[in-house]
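Please consult the sequence and the structure shown here.

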Amino acid sequence: QRFCGKLAPSLVCHVDQDETAYKTYGLQQGGILALAGPAMFMAAARSAASGHVQGKTTGNTRMLPGTFIIDGEGIVQFAHYSHHPGDHPKIKKLVGVMAEQFDEEE
């Protein structure tokens, strides 16, 4: 809520306190390589070099993230299952998927 309200006030963001959505969408907990392996350290270094810092950690710290775009009909139009906590889809990719959705709706 804090994150979306500040950075994406026009989007609906959901917090999954009991991990129901994680289970529904097939998200997994990360093992040692996902949480502390070379890919994670590289992502952390890129993030720090860009001026981003780790905020307060909440929830299940082993749960790997995912990014989903779900249309107004409830259909998943895009799914990205992260291989480590710093593995996120490119914003250009997400914007492209959203643009396609809006073009189809017109």
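The pLDDT is the predictor's confidence in each residue, on a scale from 0 to 100. The protein chain has an average pLDDT of 86, and 94% of the residues score at least 70. This is a predicted model, in which local features need a pLDDT of at least 70 and side-chain atom pairs count only at pLDDT 80 or more, whereas totals for chains, interfaces and linings use all residues. Residues are numbered from 1 along each chain as its sequence is written, and side-chain values use heavy atoms, with hydrogens and water left out.

**Confidence by element**

- Helices (H or I, at least four residues) and strands (E, at least two) are DSSP runs numbered from the N terminus.

**Aromatic pairs**

- Rings of Phe, Tyr and Trp (its six-membered ring) pair if their centres lie within 6.5 Å; planes under 30 degrees apart count as stacked, over 60 as edge-to-face and the rest as tilted.
- Two aromatic pairs are counted by this rule.
- Y25 and F68 make a tilted pair, with 4.7 Å from centre to centre and 40° between the planes.
- This pair links distant parts of the chain, 43 residues apart: Y25 is in the loop between helix 2 (20-24) and helix 3 (32-36), and F68 is in strand 1 (residues 66-70).
- F68 also pairs with Y81 in an edge-to-face arrangement, at 5.4 Å centre to centre and 85° between the planes.
- Because F68 lies in strand 1 and Y81 in strand 2 (residues 76-81), the second pair ties together parts that are 13 residues apart in sequence.
- Through these ring pairs, Y25, F68 and Y81 are linked into a cluster.

**Accessibility of the cluster**

- Buried means under 20% relative accessible area, exposed over 50%, and partly exposed in between (1.4 Å probe, protein chains only).
- Y25 is partly exposed at 28% relative accessibility, as is F68 at 22%.
- Y81 has a relative accessible area of 39% and is therefore partly exposed.

- S82 is located in the loop between strand 2 and helix 5 (91-105).
- S82 counts as buried because its relative accessibility is 8%.
- Its side chain reaches the backbone oxygen of P65 at 3.1 Å and the backbone oxygen of D87 at 2.5 Å.
- Not counting residues up to four places away in sequence, S82 touches L64, P65, G66 and D87, where contact means heavy atoms within 4.5 Å.

How values were computed: Polar contact = N/O pair within 3.5 Å; in protein donor to acceptor, adjacent residues only side chain to side chain.
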